[in-house]
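Trainee: I am new to this structure. Could you show me how to read its features, one at a time?

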Amino acid sequence: MLETTSAPTTILDLTQMGKNARAASYALAKATTAQKRTALFKIADALDANAESILAANQLDLDEGRINGLSAALLDRLDLQNRLGGIANDVRHVAQLPDPVGAVFDENVLENGLKVSKRRTPLGVLGVIYEARPNVTVDVAALALATGNAVILRGGKETFRSNMALIQVLRGALAESGFPQEAVQYIESTDRRYVAEMLKLHQYIDMIIPRGGNALHNFCRENSTIPVITGGIGICHLYVDETAKLDDALAIIHNAKTQRPSVCNALDTLLVNKQIAAEFLPRVTAHLGKDGVTFRAEPRAYEILRNDAQVQTAGDEDFDIEWLSLILGLKVVDDLDEAIAHIRQHSTQHSDGILTQNMDDANRFLDEVDSAVVYVNASTRFTDGSALGLGAEVAISTQKLHARGPMALEALMTYKWIIIGEGHIR
């Protein structure tokens, strides 16, 4: 019989966790590149060595999630069964990236002889709140360690067993590497009151990163006394103009929609220029429909596709939905101006692209679409830390301050001004 998700009944002292994290961050900030790399490789090896117990815990979470009616999108995010090896390899990739701590940039010598520069330093302590994504536990811990940051994690109840198994492995590898285990702490409770408490620990936590739906993001923005980085909610668009190579466009659209539909960089809306719509839209529905995609079409697109059983008329709010499933919105537009206007109205500023052979239009799109990641002739699925060579990511930021797009090493850093003089006075 399946045991239900459980968590310790002991009352947690988040203030003490914050103090421990701050102390650990001081120790991490002094760690050498070699020490951090050794620890990261130990983590990766430990994930491989403990795969059986981690996957067993994950399977229990999956089984309970199915019983509780979790959506296919959430179950997909929760599932580690065929991904744990890739997660371990991402940790190894992070270990081999250049160490950002202490990097010097913007060096200058002023007219008075003062030597001025900026030096990258860790943020300090990260607080990460996330839902059905146990991979986040490892990704965040690895990136935090690589950047000299401590982290306090709070995962969702649907992935409690998976996270506890992962945390045990992570903390064991840290201890073997000579690092304080408090560098990675986990709130071992599914009680939501601890989220509210965490958001008030501004004395100890330097940045909050929520990863989940709109409700979680809004709650963090409205209740946190700590700076919050939001993102990861993607209503993603591709615009196919009249010059696009249609065979290439079909392959790109198919990949963006079907390769992993449950993630934030999957395609939600396809905009098609009116000059090619009658020819191209039936090809889209035939090609994607074979893989189970259904469609929501605005009136001009529906008029072309009205005899296609896979196509429904789009509702008033359908272009404001992150589908996270095999549903694709379709719209015919007059030109680039209308495509950009639609994206500005409906995009969450995550990932949007144009498929075209007109480089003037491509450059206009790049200039005028203000999303975190903007594409020309490529699938939106590349908005991912690992896919972009970052090793992993803690989040995909869709805001404009501090960091945008996949957040990896440099996004977890701040800097200090370094000023060196020779007896200078003002």
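Mentor: Start with how helix axes are drawn. An axis is a line fitted to C-alpha atoms, for helices over the stretch in contact, and angles run from 0 to 180 degrees between N-to-C directions. Keep in mind that this is a predicted model.

Trainee: Which numbers describe two packed helices?

Mentor: Two: the angle between their axes and the distance between the axes. Take helix α10 (residues 246-258) and helix α11 (residues 274-289). Their axes cross at roughly 45 degrees and come within 10 Å.

Trainee: Are α10 and α11 parallel or oblique to each other?

Mentor: Angles under 35 degrees count as roughly parallel, and 65 to 115 as roughly perpendicular. The angle here is roughly 45 degrees, and α10 and α11 are therefore oblique to each other. The crossing of α10 past α11 is right-handed.

Trainee: Which residues make the contact of α10 and α11?

Mentor: From α10 come L246, D247, A249, L250, I253, H254 and K257. From α11 come I276, E279, F280, R283, V284, H287 and L288. By class, the contact of α10 with α11 has 8 nonpolar, 2 polar and 4 charged residues.

Trainee: Next pair, please. At what angle do helix α13 and helix α14 pack?

Mentor: At about 25 degrees, with the axes of α13 (residues 336-346) and α14 (residues 359-368) 11 Å apart. Under 35 degrees counts as roughly parallel, so that is the label for α13 and α14. Here α13 passes α14 in a right-handed crossing. On the α13 side, L336, D337, I340, I343 and R344 make the contact. On the α14 side, D361, R364, F365 and E368 do. That contact of α13 with α14 has 4 nonpolar, no polar and 5 charged residues.

Trainee: How does helix α2 lie against helix α7?

Mentor: α2 (residues 33-49) and α7 (residues 160-176) pack at about 140 degrees, with their axes 9 Å apart. Roughly antiparallel needs an angle over 145 degrees, so α2 is oblique to α7. The crossing of α2 and α7 is right-handed. K42, I43, A46 and L47 of α2 meet L166, V169, L170, A173 and E176 of α7. By class, this contact of α2 with α7 has 7 nonpolar, no polar and 2 charged residues.

Trainee: Now rings. How many aromatic pairs are there?

Mentor: Rings pair if their centres lie within 6.5 Å. The count comes to 2 aromatic pairs. One involves F105 and Y415, with ring centres 5.7 Å apart and planes at 85 degrees. Planes over 60 degrees apart count as edge-to-face, so this pair is edge-to-face. F105 is in strand β1 (residues 104-109) and Y415 in strand β16 (residues 413-420), so the pair ties together parts 310 residues apart in sequence.

Trainee: Where does R211 lie, and is R211 buried or exposed?

Mentor: R211 lies in strand β6 (residues 207-211). At 13% relative accessibility, R211 counts as buried. Where is G391 placed?

Mentor: G391 is in the loop between β13 (373-376) and β14 (395-397). At 0% relative accessibility, G391 counts as buried.

Terms used
Residues numbered from 1 in each chain as written. Predicted model: local features only at pLDDT ≥ 70, side-chain atom pairs only at ≥ 80, totals over all residues. Heavy atoms only, no water. Helix = DSSP H or I, 4+ residues; strand = E, 2+ residues; numbered from the N terminus. Left-handed = near helix turned anticlockwise from the far one by under 90°. Contact = heavy atoms within 4.5 Å. Nonpolar A, V, L, I, M, F, W, Y, C, P; charged D, E, K, R; others polar. Phe/Tyr/Trp six-rings, centres within 6.5 Å; stacked < 30°, edge-to-face > 60°. Buried < 20%, exposed > 50% of the residue type's maximum accessible area, 1.4 Å probe, protein only.
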